[in-house]
Amino acid sequence: MSELTESTIWRTLQSHFEQIKPLHMRNMFADDPARFERFSLHLDDLLFDFSKNRITGETIKLLCELAEHCDLADWIEKMFRGDAINHTEQRAVLHTALRNQNNNKIEVENQDVMPEVRAMLDKMRLFSEQIRSRHWRGYTNQPITDVVNIGVGGSDLGPLMASEALHSYALHDLKLHFVSNVDENHIGDTLESLKPETTLFIIASKSFTTQDTLVNARTARRWFLKRADDNAAIGKHFIAVSNNIEAAVEFGIHEDNIFKMWDWVGGRYSMWSAVGLSIAISIGMDNFEQMLKGAYQMDEHFRTTPFEQNIPVILALLGIWYNNFFNSQTYAILPYDQHLRYLPDYLRQADMESNGKRIDRNGHLVNYNTGPVAFGQLGITGQHAFYQLMHQGTKLIPADIIAPITNWQCIRSHHRVLMANVFAQTEAFMRGKTEQEAKAELEAEGVSAELMEVLLPNKIFPGNKPTNTILFNTLDPVSLGRLIAMYEHKFFVQGIIWNINSFDQWGVELGKQLAKTVLDELDGPEPTSAHDSSTNGLINYYKKMRPSNEPE
């Protein structure tokens, strides 16, 4: 057994869970008219309502004691000051330094990183303004009209999510495109409507060795050179974001057009760095820095606020409560804003790549649940897709429901209906519908006794389904920065409670290693026998059936 599950506080929480498990939130609200005020927190205009959870004040008290038992406050300080808390790679974890707004030093190996961070922000400003103002010209002296970001994982999902979220702030005659899939259809479909003379490519790869990204980058370069027919022209149309300067230069990118990444920035936390160059080009550097400001506000709140009033801490501890005590295996992220449509994808990667671990920091197998399965989509879409399972299925699926109070245009007939759905769904998940209520509705509709017997069981909703509701004034750069940083810190807190390293991803590396081995085998004509019978059979069937005249 692990120290965590054998600890006194864990056992106390287990006993408390047994006491609270039968309670229904409908009764909790009836018994406590001030429940909303007791279980909601604010940071500026951000409201975090967690009153529709299966908790009492004692639950929160005990969960905060669990955080103290796991030395969470000490770990927070270790992260912010640049300790190498990514112990398997001996790296600091300093995405917070990328949005730091104060004048304090942040040191890695006794060197202050802030001058270099600020210099890179200045470089991003200069370059993004050149593109946006049309001063940057391509090889035929035409301005850039399309920017293609080629990356994968955090180098794709972060910029994609943020650019879509802040679409209202973008230059709409400057189009962004994102290519991540090595399937040729992705790059092919993207390029077919573009002109080499007016297209800029951003190759985002910290190592500049990521196979998927480089295959797409080389295809883009071949496409470009078919028209330009001049290697020197690459310097006007290809930019790199990387820590491998030499490899980027070898690709043909001028060293002045390489934006640096650092080892202490993980890919899924890199949108705050030069990986966010496409965001800055789209919305302008002033707005990009407002996004950094919003994240910094959440950083300061997280670092300085007592656990009981700390939004990311409470959000994380509620996740622990359901994952480890209710044995819930998943949770849903449900934004009610069209521009947040990629937020569930982004957070799914950030959460599941961070905390999808089974080995603790001491090298031992854990004997408790770690990272849950995260999923979600736009709330209105989800209501007509998977909410049925959440309302009446057999699984407990906690949900985060996220919505702006107003938006860019805020057309009343649209936004009032949208928000009505937000509030109705959180209430429906909590209250459900009793047999008596369902029967009264059917009787009011004049349903016969025979049909009543058939319909009644299907009209009952158990309710007692937990939700957090996150509201903010409007989706702007500051609110987006706060929102993303809130979830980043949530995942960090949960990793500390579970005693795992949230900042490596060896499972991702395994697939990459095997793919390199298989790729070599696919080039030759002879059958392979180096794997298990299934893998051998699949490879050999593919080699037998593939076209003999495939283009490069």
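Is Asp-189 buried, partly exposed or exposed, and at what relative accessibility? In this predicted model, Asp-189 has a relative accessibility of 48% and therefore counts as partly exposed, since the exposed class begins over 50% and the buried class lies under 20%. Asp-189 belongs to helix H9, which covers residues 184-191. Together with Asp-183, Glu-184, Glu-192 and Glu-550, Asp-189 forms a negative surface patch.

Helix H8 comprises residues 154-165. H8 is mostly covered, with 12 of its 12 residues buried. Among the buried residues of H8 are Asp-156 and Glu-164, as well as Leu-157, Leu-160 and Met-161.

Helix H15, residues 311-325, was treated in the manner of a span check. Its 15 residues should span 21 Å at 1.5 Å a residue, and the computed separation of the end C-alpha atoms is 21 Å, which agrees. H15 is also mostly covered, as 14 of its 15 residues are buried. Asn-327 follows H15 and has a positive phi, near 60°.

Thr-209 is located in the loop that links strand S7 (199-204) to helix H10 (211-228). Its relative accessibility is 49%, so Thr-209 counts as partly exposed. The C-alpha atoms of Thr-209 and Asn-244 are 8.6 Å apart in space, while the two residues are 35 residues apart in sequence.

Terms used. Residues numbered from 1 in each chain as written. Predicted model: local features only at pLDDT ≥ 70, side-chain atom pairs only at ≥ 80, totals over all residues. Heavy atoms only, no water. Patch = residues over 30% accessible without salt bridge, like charges linked within 9 Å, V, L, I, M, F, W, Y side chains within 5 Å. Areas by Shrake-Rupley, 256 points an atom, 1.4 Å probe, with all protein chains shown as cover. Salt bridge = Lys/Arg side-chain N within 4 Å of Asp/Glu carboxyl O. Lys, Arg positive; Asp, Glu negative; His and termini not counted. Charge placed at Lys NZ, Arg CZ, Asp CG, Glu CD. Helix = DSSP H or I, 4+ residues; strand = E, 2+ residues; numbered from the N terminus. Buried < 20%, exposed > 50% of the residue type's maximum accessible area, 1.4 Å probe, protein only. Expected span 1.5 Å × (residues − 1).
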